[in-house]
Amino acid sequence: MIIYIVIFLVILTLIIIFFKKIKNKQAKINKIEKGTNYEKQIAKIYENKGYKVFYNGIAKGKNDEGIDLIAWADDEVILIQCKNHETHIKQSTLKIFYADATMYELKNKAKIKNRKVTKNFVSNSNLNYNAKFWLENNPTQINFIEIKI
């Protein structure tokens with residue numbers, strides 16, 4: 001009788017582990033879809049303003065070099081990071097975007113040519129205190145834009 005109970009508990013444990021893995025995988029997929037949909041909606045805003053938009057994050061995935069969207073017009077290039085977060089944006093997130101955008105700009109001088117480069121960080125969330133303070137007191141030239149969709 002005890003052997004049946006042990007077998008039952010082992011099988012039950014394996015079933016629970018299996019369903020937790022499926023749930024975690026689905027949560028990860030939902031998070032990716034949520035981010036992708038937000039990027040598409042932000043891209044449409046720029047397209048409606050007359051910019052041509054390259055969906056860098058969607059096209060390149062994790063190899064996007066920290067730039068989700070690249071919007072350009074004749075004399076301007078806008079490097080855009082989109083964050084569809086539930087929580088406030090941290091200072092470290094802004095610093096990473098600034099470094100990524102600066103590096104992208106340096107690597108792609110030939111493509112950018114003589115266009116004005118703008119760095120826009122777009123989020124449905126707002127900045128935490130440290131991020132707001134850092135952005136206001138450092139000449140990073142990042143535009144923080146809150147867009148709730």
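A polar contact, for today, is a pair of N or O atoms within 3.5 Å; within protein, one must be able to donate a hydrogen and the other to accept it, and residues adjacent in sequence count only if both atoms are side-chain atoms.

First, the housekeeping. This is a predicted model, so local features need pLDDT of at least 70 and side-chain atom pairs count only at pLDDT 80 or more, while totals for chains, interfaces and linings use all residues. Residues are numbered from 1 along each chain as its sequence is written, and side-chain values use heavy atoms, with hydrogens and water left out.

Okay, the lysine. Lys119 sits in strand β4; helices (H or I, at least four residues) and strands (E, at least two) are DSSP runs, numbered from the N terminus. Is Lys119 buried or exposed? With 6% relative accessibility, Lys119 is buried, and the cut-offs there are under 20% relative accessible area for buried, over 50% for exposed, and partly exposed in between (1.4 Å probe, protein chains only). Its side chain makes a polar contact with the side chain of Glu105, at 3.2 Å. Not counting residues up to four places away in sequence, Lys119 also touches, among others, Leu79, Phe97, Tyr98 and Ala101, where contact means heavy atoms within 4.5 Å.

Now the inside. A nonpolar core here is a set of buried Ala, Val, Leu, Ile, Met, Phe, Trp, Tyr and Cys residues joined through side-chain atoms within 4.5 Å. The largest one has 17 residues, and Ile67, Leu79 and Leu94 have the most contacts inside it. Two or more residues each come from β3 (76-83), α3 (91-107), β4 (116-123) and α5 (129-137), with α3 giving the most, four residues. Leaving aside neighbours within four places in sequence, the contacts of Ile67 include Leu79, Ile80, Phe97 and Tyr104. There's also a second, separate core of 13 residues, with Ile42, Ile78, Ile80 and Cys82 among them.

On to charges. How many salt bridges does a search of the whole structure find? Five, taking a salt bridge as a side-chain nitrogen of Lys or Arg within 4 Å of a carboxyl oxygen of Asp or Glu. In one of them, Lys34 pairs with Glu86, with the closest N and O atoms 2.3 Å apart. Lys34 is in helix α1 and Glu86 is in the loop between β3 and α3, so that pair ties together parts 52 residues apart in sequence. Glu86 is exposed at 69%, and Lys34 is partly exposed at 29%.

Then there's Lys44 with Glu47, 3.3 Å from N to O. Both lie in helix α1, three residues apart, about one turn of the helix.

Glu65 does two things. It forms a salt bridge with Lys107, the closest N and O atoms being 3.0 Å apart, and that links distant parts of the chain, from the loop between α2 and β2 to helix α3, 42 residues apart. Glu65 also has a positive phi, near 60 degrees, in a residue other than glycine. Most residues other than glycine have a negative phi. Lys113 is another case, with phi near 55 degrees, in the loop between α4 (109-112) and β4. Lys113 is exposed, at 63% relative accessibility.

Tyr129 is in helix α5. That's my tour, thanks.
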